[in-house]
Amino acid sequence: MRAQSSATAAPTITVPTDRQPAGLGTLQAALGVLAFSLTFPATAWGLEGFGPWSLVAVRSVLAAVIAGGCLLLLKVPLPDRRHWAGLAVVGAGVVLGFPLLTTLALQTSTTAHAAVVVGLLPLTTALFSALRIGTRPSRTFWAAALVGAGAVAAFTVGQSGGTLSTADLYLFGALVVCAAGYTEGGRLARVMPGWQVIGWALVLCLPLTLPGALVALAYEPVHLTAHSVTGLLWVAVGSQFLGLVVWYRGMAAIGIPRASQLQLAQPLLTLVWSVLLLGERLTVAAPLTAAAVLVCIAVTQRARS
């Protein structure tokens, strides 16, 4: 944060460190969505060579090493004490909870079915934002958000036959913890750079993830293949660190509710990657749902909060 001088003494105030043009914020949030859309296919690849617990723990450790190295190299001071509780929520939600629950779900669920969680995530994040931060989006915003979430949920549930299973419980649990982590991370990104938010959250979780990785690797067999290594590296570097960096910066610039609605496109992107990378088959409903989602995104971006 750049200090400002004044001829007269003034009280110290907190200024958002990620202030930037709205257009740039939208672009960064969109890049975050693109990175996240590859998470489920990459996780499926990672599960070809790692167990679920070792995959989640190792990805978090690798991301924490990268983030911690950046924090040390740039000599970033420790966050204020009042921010640690928020960072713990970010860590519990997006570093531990969401990766673990979705990875467990993907053991028995296809990526198309798992995409339902991110289809409902924008609406859940907006709800958490309203409760935690006090944002009050317009009725038009909520109407478009509900229509978009309903379209994505109907499409993804229809793809899986509409049945409920243990994987669904994991997915809905992941939905809740991730929305809480996104909301708290977006709030913190207003007072510190977005990369530091996820960086400190990853480091904060290291005392759990490092021994967890050692134990999991000792009990779960590992078969290194091109797919499993590529999947691990992507979820560690792309999804767990770089994707969250641009995502939190985007949320700080354009607001949590509007940024969250960009994620309406994420399930459809995931389905595209599932076809290209995993060989899954889609129905003709995909382009129709994509058109409906794009309309909803356009409405939510124009609606006044």
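What follows is a set of questions and answers about this structure.

Mentor: Before you start, this is a predicted model, in which local features need pLDDT of at least 70, side-chain atom pairs count only at pLDDT 80 or more, and totals for chains, interfaces and linings use all residues. Residues are numbered from 1 along each chain as its sequence is written, and side-chain values use heavy atoms, with hydrogens and water left out.

Trainee: How many helices and strands does the protein chain have?
Mentor: Helices (H or I, at least four residues) and strands (E, at least two) are DSSP runs, numbered from the N terminus. Going from the N terminus, the elements read α-α-α-α-α-α-α-α-α-α-α-α. The count is 12 helices and zero strands.

Trainee: What share of the 305 residues is buried?
Mentor: Buried means under 20% relative accessible area, exposed means over 50%, and partly exposed is in between (1.4 Å probe, protein chains only). For the 305 residues of the protein chain, the buried share is 51%.

Trainee: Is Ser60 buried or exposed?
Mentor: Ser60 sits in helix H3. Leaving aside neighbours within four places in sequence, Ser60 is in contact (heavy atoms within 4.5 Å) with Val95, Leu202, Thr209 and Gln240. Its relative accessibility is 1%, so Ser60 counts as buried.

Trainee: Which residues does Thr209 contact, leaving aside its neighbours within four places in sequence?
Mentor: Thr209 is in helix H8. With 4% relative accessibility, Thr209 counts as buried. Its contacts, with those neighbours set aside, are Ala57, Ser60, Val61 and Leu96.

Trainee: Where is Gly49, and what is the distance between its C-alpha atom and that of Leu232?
Mentor: Gly49 is in the loop between helix H2 (39–46) and helix H3 (52–73). It is buried, with a relative accessible area of 3%, and its contacts beyond four places in sequence are Pro221, Val222, His223 and Ser228. Leu232 is 183 residues away along the chain, yet the C-alpha atoms are separated by 9.3 Å.

Trainee: Val222 came up there; is it buried, partly exposed or exposed?
Mentor: Val222 lies in the loop between helix H8 (194–219) and helix H9 (226–254). Its relative accessibility is 34%, so Val222 counts as partly exposed.

Trainee: Why is the Trp84 and Trp200 pair called edge-to-face?
Mentor: A pair of aromatic rings is described by the distance of the centres and the angle of the planes. Rings of Phe, Tyr and Trp (its six-membered ring) pair if their centres lie within 6.5 Å; planes under 30 degrees apart count as stacked, over 60 as edge-to-face and the rest as tilted. The count by this rule is six aromatic pairs. For Trp84 and Trp200 the centres are 6.1 Å apart and the planes are at 70°, so the pair is edge-to-face.

Trainee: How many residues apart are Trp84 and Trp200?
Mentor: Trp84 is partly exposed, with a relative accessible area of 26%, whereas Trp200 is buried at 9%. The pair links distant parts of the chain, with Trp84 in helix H4 (residues 84–105) and Trp200 in helix H8, 116 residues apart.

Trainee: How many salt bridges are there?
Mentor: A salt bridge is a side-chain nitrogen of Lys or Arg within 4 Å of a carboxyl oxygen of Asp or Glu. One of them joins Asp80 and Arg82 (2.9 Å, N to O). By this rule the count is three.

Trainee: Which residues do salt bridges with shared partners join into one network?
Mentor: Glu184 meets Arg132 in a salt bridge (3.1 Å, N to O), and that pair links distant parts of the chain, Glu184 in helix H7 (residues 166–188) and Arg132 in helix H5 (residues 111–132). Arg187 also forms a salt bridge with Glu184, the closest N and O atoms being 2.6 Å apart. The shared partners join one network: Arg132, Glu184 and Arg187.

Trainee: Last one: how far apart are the end C-alpha atoms of helix H11?
Mentor: The expected span of a helix is 1.5 Å times one less than its number of residues. For the 13 residues of helix H11 (residues 266–278), that should be 18 Å, which agrees with the distance between the end C-alpha atoms in the model, 17 Å.
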